[in-house]
Amino acid sequence: MSYETVIGLEVHLQLNTKSKVFCGCSADFGSAPNTQVCPVCLGFPGSLPVLNRRALELGAKVAIALNCRIAKKIRFDRKNYFYPDLPKGYQISQFDQPLSQHGSLAIVSGETEKKVRIRRVHLEEDTGKLFHQNDYSLIDFNRSGIPLLEIVSEPDINSPEEAYLYLTALKSILEYLDVSDCNMEEGSLRCDANISLRKKGGKKLGVKTEIKNMNSFKGVKSALEYEGRRQADLLENGERIIQETRLYDAEKGVTEPMRSKEEAHDYRYFPEPDLAPFDFEENFLKAIEKDMPELPEPKKNRFIKDYQLSNYDAAIMASDKSVADYFEKCAALYDNPKIVANWLMGDVSAYMKDNNILIKDLNLKPDQLSGMLKMIDSGVITGKVAKALLIEIIQTGRAPEKLVKEKGLEQISDVNLLETAISQAISENPKSVEDFKGGKDNAVMFLMGKVMQKTKGRANPNKVNEMLREKLKGAK
Amino acid sequence: MELNTLTGHRLIELLDKKDISPIDICNNIINKIEKTENSLNALAHFDKEVSLERCRNIAKGAKKGALWGMPVFIKDNICVKDELTTCSSKILKGFKPPYNATVIEKLAGLDAVLMGKTNMDEFAFGSSTETSCYGPTRNPWDLNRIPGGSSGGSAAAVSADEAIFSLGSDTGGSIRQPAGVCGVVGLKPTYGRVSRYGLIAFASSLDQIGPITKDVEDAAILLKAISGRDEMDSTSANIPVSDYVSGIKKDIKGLRLGIPKEYFVEGMDEEVKNSIKSAIEKLEKMGAICEDTSLPHTEYAVSVYYLVATAEASSNLARFDGVQYGLRAENIKSMMDMYKKTRKEGFGDEAKRRIILGTFGLSSGYYDAYYLKALKVRTLIKRDFEEAFKKFDAIITPTSPTAAFKIGEKTSDPLTMYLSDIFTISANLAGIPGISIPCGFTKNNLPIGLQILGKHFDEEMILRIAYNYEQSTDWHKRKPKL
């Protein structure tokens with residue numbers, strides 16, 4: 001039996017406003033417990049909420065970036081339930097008139113592009129945080145009232161891999177907009193997933209389960225892989241799927257049903273009477289639209305057009321805003337953007353990975369990189385030398401031109417100088433000569449390597465290649 | 001000297017002339033309280049030493065604020081920083097808010113003396129002050145009768161000269177109805193006129209804080225002091241505050257007053273009916289033009305109110321859970337146990353009744369038929385008034401269908417109790433301002449109240465009509481014999 005996987009993702013994103021969504025308390029992360037609180041976010045009797053305009057602005061930015069339609073009238077609703085981390089006994093959220101609806105997010109897998117529809121993006125407040133001890137619990141209300149953006153996708157995602165791609169594409173956009181820290185480990189980005197199976201080609205949705213407690217994008221993917229298999233096994237055995245909420249256990253790699261009876265919630269949504277509905281001012285919206293940065297998709301397309309990058313290269317260059325900005329700075333100083341992209345995707349990226357840093361911490365200025373590339377072009381240094389030189393530049397912060405001079409790294413093209421090294425290489429490696437004579441052309445590469453070793457990578461490779469072949473042809 | 005029997009504006013005059021000092025007023029009030037409070041039970045929290053100390057501190061300085069040295073009593077659902085604020089409920093036992101309501105900040109800024117908290121129906125649920133955890137307040141005109149509710153403590157205190165200025169709150173009539181049955185003045189401002197920040201919420205879309213005073217001029221003074229846009233309350237209106245006092249003295253010649261036929265029902269109390277009729281005649285003699293009108297959806301007002309208000313109340317009272325403040329039940333075994341025991345022990349019967357009713361009206365499967373439907377009818381009720389106000393400057397009605405009833409008379413039948421608010425409720429649903437002033441007495445010497453309703457933010461108009469009527473009569477000068 002062939003099943004189609006149907007997945008919907010619900011992301012909760014903490015917005016990086018200075019203060020909370022309904023009061024003036026600081027929204028900073030990591031302070032001592034209950035030090036960023038006031039009567040409003042503590043739900044004290046008599047307190048009233050006042051909307052943080054910036055939270056609305058950031059929410060609108062995300063909605064626009066996700067191609068959603070922004071609501072003309074903004075209205076909030078109360079979601080009523082009892083839990084100690086919810087001090088008012090209700091959460092101020094948005095129910096039937098959300099901030100925005102009907103958007104989309106493109107996910108790219110290799111050459112194929114797919115649009116995942118976004119059902120809605122709305123604004124709400126976060127709860128406090130509970131810490132369970134043995135026979136008591138503690139609550140920290142610093143988090144109570146932090147602005148949250150809820151982004152709900154349609155069930156258009158058809159594999160755990162696509163779910164992963166969706167989350168990375170979403171994060172990329174969110175980082176571009178600089179609206180959130182987007183950190184799943186810290187809790188500024190949370191994700192719940194709904195998954196069901198149906199027979200391939202079927203139209204009706206199968207019974208879905210909700211998966212919670214995933215703490216990383218990879219965790220989401222793994223959890224969905226497990227759950228998909230679990231459901232498929234049940235269906236194969238003719239059993240039914242129970243609609244329930246399951247928690248992912250990253251250590252065991254499994255999902256398990258939630259024990260608490262939190263299923264039967266009637267939230268009794270009704271319009272929040274303390275926040276009068278208002279029109280989303282046209283001028284405000286226009287200002288937000290004008291202030292939008294160029295997003296990854298359009299930037300990628302512009303890179304393809306303006307810099308003649310391939311789709312693949314452009315996508316990588318555009319996926320991170322800091323990298324994209326860096327790339328463009330370099331491209332402005334050097335006339336071959338493709339080469340810039342290669343170096344960024346290759347050696348520079350490797351260096352950053354090895355040293356666990358981001359491009360904003362990279363000690364390599366665009367003019368230093370372009371300076372080095374120009375020296376390769378003009379034959380001052382070889383490509384091989386450049387690879388080591390790159391590290392030198394980063395570690396010392398010194399200009400490439402100076403380093404090349406001081407360390408004597410110039411390319412050797414002088415025939416006389418090369419002659420010695422080449423003769424040595426040939427005489428030391430008679431077998432290679434034999435191989436070449438026997439028709440093995442790559443013996444030349446082997447000998448070239450030896451010449452490079454002798455010249456500490458400084459030999460002009462084309463010249464060496466030319467001279468080697470001549471010598472070998474003429475050798476006995 | 002019995003300064004406590006004088007009006008606020010008279011005392012302000014005397015203070016200005018330096019004939020008296022704030023301490024004199026404070027002492028007279030304390031004396032009266034010591035004489036009558038045991039029989040009245042109008043005050044929920046009062047400490048005479050604390051009040052005197054406050055008074056002394058203010059009296060030390062020279063007169064600055066407009067209410068310098070004037071005593072004010074505050075209903076127990078309005079937060080006063082570090083002072084007991086309990087909504088006359090066990091569930092807020094010992095609660096002292098860490099902040100002041102905006103109206104308290106305003107009064108303090110005008111150098112008023114905060115004297116104490118007045119008794120009320122628990123969480124403002126009631127029309128008789130009988131659901132208070134501190135026991136009922138009694139009507140100074142007849143100690144066996146209710147003072148009205150839920151601001152019964154404030155109305156009784158003012159009526160008995162235990163207080164001069166007081167604040168109440170009005171969600172369905174809780175300022176006007178007690179003012180009516182206690183023979184004093186009570187004004188519910190337009191929704192949004194006065195900040196609700198610090199008012200412990202009953203129904204967020206209906207609540208307003210307002211003055212309960214001895215006469216109309218005092219109400220105008222107090223209204224001006226507490227009105228205005230508040231950045232902490234998103235529902236407060238950005239409309240300038242008129243000088244309500246100067247407006248009241250204009251005459252009422254040519255003003256058009258509507259008398260809605262739905263408010264003069266079959267079988268209504270004859271004495272009330274006759275009082276109102278006489279009052280209307282008086283107004284006509286003063287030059288106003290009184291004409292019949294209709295507010296066709298009046299009959300639905302009580303039902304709409306008991307769906308909308310209880311729904312909002314059920315949500316507003318969810319925060320009373322024993323987690324952070326107020327009562328937490330003992331011997332609790334789990335989180336659920338804490339919630340259940342605390343709320344079971346902490347809430348009185350009427351509070352529980354309204355929470356259940358409100359929860360039901362919002363619940364899945366019933367929301368559309370009850371809550372949503374009620375919201376729609378509410379709009380129709382509001383439109384009735386907007387229509388009437390196209391033709392009329394104000395609307396005249398009785399405040400209550402009867403004068404004060406006996407304590408215990410209606411407690412066994414909540415529905416009968418709910419009908420006491422029948423004439424006041426619509427104003428809250430429509431958001432319009434309303435004032436109750438004395439317009440007569442029954443043969444048992446019980447006060448009868450006249451209600452004047454006005455357009456949104458037209459408090460000036462209803463104060464003016466009220467003042468003119470008041471000054472042409474002596475009702476406001478009569479005092480209960482305590």
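Let me start on chain B, with helix H9(B): the face turned away from its buried side carries Glu270(B), Glu281(B), Glu284(B) and Lys285(B), which are exposed. Helices (H or I, at least four residues) and strands (E, at least two) are DSSP runs numbered from the N terminus.

A word on the source. This is a predicted model, in which local features need pLDDT of at least 70 and side-chain atom pairs count only at pLDDT 80 or more, while totals for chains, interfaces and linings use all residues. Residues are numbered from 1 along each chain as its sequence is written, and chains are lettered from A and ligands numbered from 1 in the order in which they are written.

Back to H9(B). Its buried residues are Val272(B), Ser275(B), Ile276(B), Ala279(B) and Leu283(B). They cover an arc of only 95° around the axis, which puts them on the same side of H9(B); the arc is that of the directions from the helix axis to the C-beta atoms. An α-helix has 3.6 residues a turn, so residues three or four places apart point the same way. The cover over the buried residues of H9(B) includes strands S7 (256-260), S8 (289-293), S9 (394-398), S10 (434-441) and S11 (447-454), with helix H16 (459-471), of chain B. Contact means C-beta atoms, placed from the backbone, within 7 Å. Just after H9(B) comes Gly287(B), with a positive phi of about 105°.

Still in chain B, Ala313(B) sits in helix H10 (residues 301-316). Is Ala313(B) buried or exposed? Ala313(B) is buried, because 25 other C-beta atoms lie within 10 Å. Leaving out residues up to four places away in sequence, Ala313(B) touches Phe202(B), Ala203(B), Arg354(B), Ile355(B) and Gly358(B). Phe123(B) is 190 residues from Ala313(B) in sequence, yet their C-alpha atoms are 9.2 Å apart.

Now chain A. Its open sheet has nine strands in the order S2-S6-S7-S10-S1-S11-S12-S13-S14, with mixed pairing. The edges are S2 (69-70) and S14 (254-257) of chain A, each pairing on one side only. Pairing requires at least two DSSP bridges between the strands. S1 (residues 3-14) and S11 (residues 189-199) of chain A are antiparallel over eleven bridges, and Leu9(A) stands opposite Ala193(A) in S11(A). Helix H2 (residues 160-177) of chain A lies across S1, S6 (100-109), S7 (112-125), S10 (147-153) and S11, at about 110° to S6(A). That angle is between N-to-C directions, from 0 to 180 degrees, with axes as lines fitted to C-alpha atoms, for helices over the stretch in contact.

There is also a hairpin, in which four residues join S8(A) to S9(A). S8 (residues 129-132) and S9 (residues 137-140) of chain A run antiparallel with four bridges.

Next, helix H5(A). Its buried residues are Pro296(A), Lys299(A), Lys300(A) and Phe303(A). Their arc around the axis is only 105°, so they lie on the same side of H5(A). These buried residues pack against H2, H6 (311-319) and H7 (321-333) of chain A. The face turned away carries the exposed residues Pro298(A), Lys305(A) and Asp306(A).

Last, the contact between the chains: 25 residues come from chain A and 32 residues from chain B.

Methods. Buried ≥ 20, exposed ≤ 12 C-beta atoms within 10 Å, placed from the backbone. Contact = placed C-beta atoms within 7 Å.
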